[in-house]
Amino acid sequence: MQLPNLAPVPELYVSYESAQKLKVEAANLTSWDLSPRQICDLELLMNGGFNPLKGFLNEADYDGVVENMRLADGTLWPMPITLDVNEKFAESLEIGQDIALRDQEGVILATMTVTDRWTPNKAREAEQVFGADDLAHPAVNYLHHTAGKIYLGGPVTGIQQPVHYDFRGRRDTPNELRALFRKLGWRRVVAFQTRNPLHRAHQELTFRAAKEAQANLLIHPVVGMTKPGDVDHFTRVRCYEAVLDKYPSSTTTMSLLNLAMRMAGPREAVWHGLIRKNHGCTHFIVGRDHAGPGKNSAGQDFYGPYDAQELFKQHQDEIGIEMVDFKHMVYVQEKAQYYPISEVPEGSTVLDISGTELRRRLAEGLEIPEWFSFPEVVRELRRTRPPRSKQGFTVFFTGFSGSGKSTIANALMVKLMEMGGRPVTLLDGDLVRKNLSSELGFSKEHRDLNIRRIGYVASEITKNGGIAICAPIAPYAATRRAVREDVEQFGAFVEVHVSTSIEECERRDRKGLYKLAREGKIKEFTGISDPYDVPENPELRVETENVDVDNCAHQVILKLESLGLIAG
């Protein structure tokens, strides 16, 4: 391994004077408002983190990356970095046109010359990049349900970097880190990628990795977009800062990476390696199931535990960074210290706490032993993740019109208010239509938008420790899943399928809606002329025929108790 080249990497920014001039000119250009993920991508394009890319991939580069992890010129690059837009915006553009790229506040960050416009084969992209076209994978779900239908490609001219108001002193561009390493005289630097809080096993692992590589340590956590349900980056950075004191300051530093992860396992590991090479690192710790998204639709892991390490090894020389493989560290009780699992003395008592077990202990307010984590880290986690019985949560009823959702939701609201302790808000379908979505019709697009609005409000209520009860029809599984993801960032999401049959709903119909739908006077009516995706795995399914409302609401209460969300 050669000594690192700490010369600056190429950036895509113009000079300050040119940027001021370009900003004025760009104000008159057609604008695209970037999504949070696109802002992360643009930042790393502009600051050289995605070197050698000069902009969002054109069609030939995209095809090469999808099919064989290489740009059209043969350069190794495993991840499609694409500017996805909607059809209406794409149709308004000419090839060769310059557009302004703005953040969500409308600030112009860059301009882009549109050289390519195409409709990608997203199923093929999912298969090749993520290994399966399976919506259980968060990036595949994003690809099909959030990303725009059309991709634009072309070079980017950077005007200014995105503004971050948080942890500003911890954010470094690739060239700022390279300059720091030059100043400190660090010639060998091992990077540790993480999207989780650090516990004692991680500390032991990073110590050993740095020692093995005879290198200094860069703790380089991702604070852009990670996996839905991960601990928020504010909490994680506070945890990292608490642990940093445990490392020798002369050999360890920490910097935050504003990367939007794709959870693409093997390909992601190679991508992470290239990004760390651009940041001036010589070594990179590749974990067991590195950047794995969890289970697929069949309940199997998406990737094998060592697939990422194997793919990285194959391309290590070309990446130009050496892999340090992640040793799974376990605590040996008799020795009162951590060992790699392969080096545990025979007959020893091995202690380990999985991520799932840690979340359970936090949720139930149980003890987290000092051998596992640092008290400072546990304290931060408990501040953000109080026991479930003190967290906000959402109960989301779904079912046909007339199934009894609203009635049960009202009964549940009263029962929860009787218990007290947390504010309870009912987001009933009709009430939301009147107060939040009065301008919307009943097309699929409008119904989706209505449910997403309900999900947004429910997630805010949940985040702030309240209870949200939602009772829309919500016929589409993809939209319900999106709402679940919105809410589960902040607390529990309990889906209740009110499984009343369409015949019974029609029999109960006081408003005569089903009759009008059968006569064709109401278009796109759920269950008659529009589909209803029956929930496959709701937390609870309630049957309302020949069962009184009080009993149905009580079933929900019992489920909430069993989940630890309310005290029994």
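Mentor: A polar contact is a pair of N or O atoms within 3.5 Å, one able to donate a hydrogen and the other to accept it; residues adjacent in sequence count only if both atoms are side-chain atoms. This is a predicted model, in which local features need pLDDT of at least 70 and side-chain atom pairs count only at pLDDT 80 or more, whereas totals for chains, interfaces and linings use all residues. Residues are numbered from 1 along each chain, and side-chain values use heavy atoms, without hydrogens and water.

Trainee: How many residue pairs are in polar contact across the interface of domain 1 and domain 2?

Mentor: The protein is divided into domain 1 (4-158), domain 2 (168-331) and domain 3 (388-563), with bounds from an automatic or database domain assignment. Across the interface of domain 1 and domain 2, with both residues at pLDDT 80 or more, the number of residue pairs in polar contact is 17.

Trainee: Which element gives the largest share of the side of domain 1 that touches domain 2?

Mentor: The elements giving two or more residues to this side of domain 1 are helix H2 (36-46), helix H3 (59-68), helix H5 (122-130) and helix H6 (138-145); helices (H or I, at least four residues) and strands (E, at least two) are DSSP runs. The largest share, six residues, comes from H2.

Trainee: How many residues of domain 2 are in contact with domain 1?

Mentor: The centres of domain 1 and domain 2, taken over C-alpha atoms, are separated by 24 Å. Under the contact criterion (heavy atoms within 4.5 Å), 38 residues of domain 1 meet residues of domain 2 that number 39.

Trainee: With which residue does Glu318 form a salt bridge?

Mentor: A salt bridge places a side-chain nitrogen of Lys or Arg within 4 Å of a carboxyl oxygen of Asp or Glu. The rule finds two salt bridges across the interface of domain 1 and domain 2. With the closest N and O atoms 2.6 Å apart, the partner of Glu318 is Arg70.

Trainee: How far apart in sequence are the parts that Arg124 and Glu67 tie together?

Mentor: The count of salt bridges comes to 27, and the side chains of Arg124 and Glu67 meet in a salt bridge at 2.7 Å, N to O. Arg124 lies in helix H5 and Glu67 in helix H3, so the pair ties together parts whose separation in sequence is 57 residues.

Trainee: Which residue has a positive phi although it is not a glycine?

Mentor: Most residues other than glycine have a negative phi, and most peptide bonds are trans. In the loop between strand S10 (252-254) and helix H10 (265-278) lies Met263. The non-glycine residue with a positive phi, about 60 degrees, is Met263.

Trainee: What is omega for the cis peptide bond that joins Asn51 and Pro52?

Mentor: Pro52 is placed in the loop between H2 and strand S2 (55-56). The bond joining Asn51 and Pro52 is cis, with omega at about 15 degrees.
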